Amino acid sequence: MCYLSYRINLVKMARYKEFNQEEVLEKAMKTFWRYGYEGTSIQNLVDNMGISRGSLYDTFGDKRSLFQKAIAHYDRTVIRQLILPLEAEAASKNAIFDCFDSLINRAVSDRDRKGCFLTNTVVELCPHDSETASQIAQNIKRVEKAFHKALIKAKDRGEIKADLDLEALASFLTSSLQGLRVISKIHCDRQMLADIVKVTLSVLD
């Protein structure tokens, strides 16, 4: 390695040490989540992430690359937190109820009414962006699998009817969850959302 290349690499390493990548990626995610992909400029990202343009490009690549990393970060954090109780060893019917209750609490406390980052992206980009559509489909499939896992345990414990189609039910719960996030962007009344959830989960009775 020549001396010049060595010096350049040292400068880049110094830049990386100036900030925590996960923390600034969290800020990027929230920016995209609030304004959407098209509504977010590089300057928006620089201002909200608190890093320079050079550091942004050196660390995360271009805007599209950063957006994809933000979606992955959302999956590792927000989605993981949502489905972790569904994937727990003791998860069953109550975990499903708690999941929807948690979603209501999240929606009511969201003053910006951002809704779901994944659902927002589906509406904005997926009809004409197959790569993003594939990434989002995998994220949503994780939620569906988590519901299915909890339903299997609920069935084994006799908490739901034995003749229910669990795969179809898991798909229904996933689509209902996403629909609830859309409705909460328009009407964020706790009681109304609770009534919707009550009817939705009546399929488990």
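What relative accessibility does Arg34 have, and as what does Arg34 count at that value?

Author: Arg34 has 48% relative accessibility and counts as partly exposed, where buried means under 20% relative accessible area, exposed over 50%, and partly exposed in between (1.4 Å probe, protein chains only). The model is predicted, with local features needing pLDDT of at least 70 and side-chain atom pairs counting only at pLDDT 80 or more, while totals for chains, interfaces and linings use all residues. Residues are numbered from 1 along each chain as its sequence is written, and side-chain values use heavy atoms, with hydrogens and water left out.

Taking a salt bridge as a side-chain nitrogen of Lys or Arg within 4 Å of a carboxyl oxygen of Asp or Glu, the count comes to 9 salt bridges. In one of them, Arg34 pairs with Asp112 at 3.8 Å, N to O. Arg34 belongs to helix H2 (residues 21–35) and Asp112 to the loop between helix H6 (93–109) and helix H7 (117–124), so this pair ties together parts that lie 78 residues apart in sequence; helices here are DSSP runs (H or I, at least four residues), numbered from the N terminus. Asp112, at a relative accessible area of 42%, is also partly exposed.

A further salt bridge joins Asp129 and Arg64 at 2.8 Å, N to O. Here too distant parts of the chain are linked, with Asp129 in the loop between H7 and helix H8 (130–156) and Arg64 in helix H5 (residues 63–87), 65 residues apart. Asp129 counts as buried at 10% relative accessibility, whereas Arg64, at 28%, counts as partly exposed.

Definitions and conventions: Helix = DSSP H or I, 4+ residues; strand = E, 2+ residues; numbered from the N terminus.
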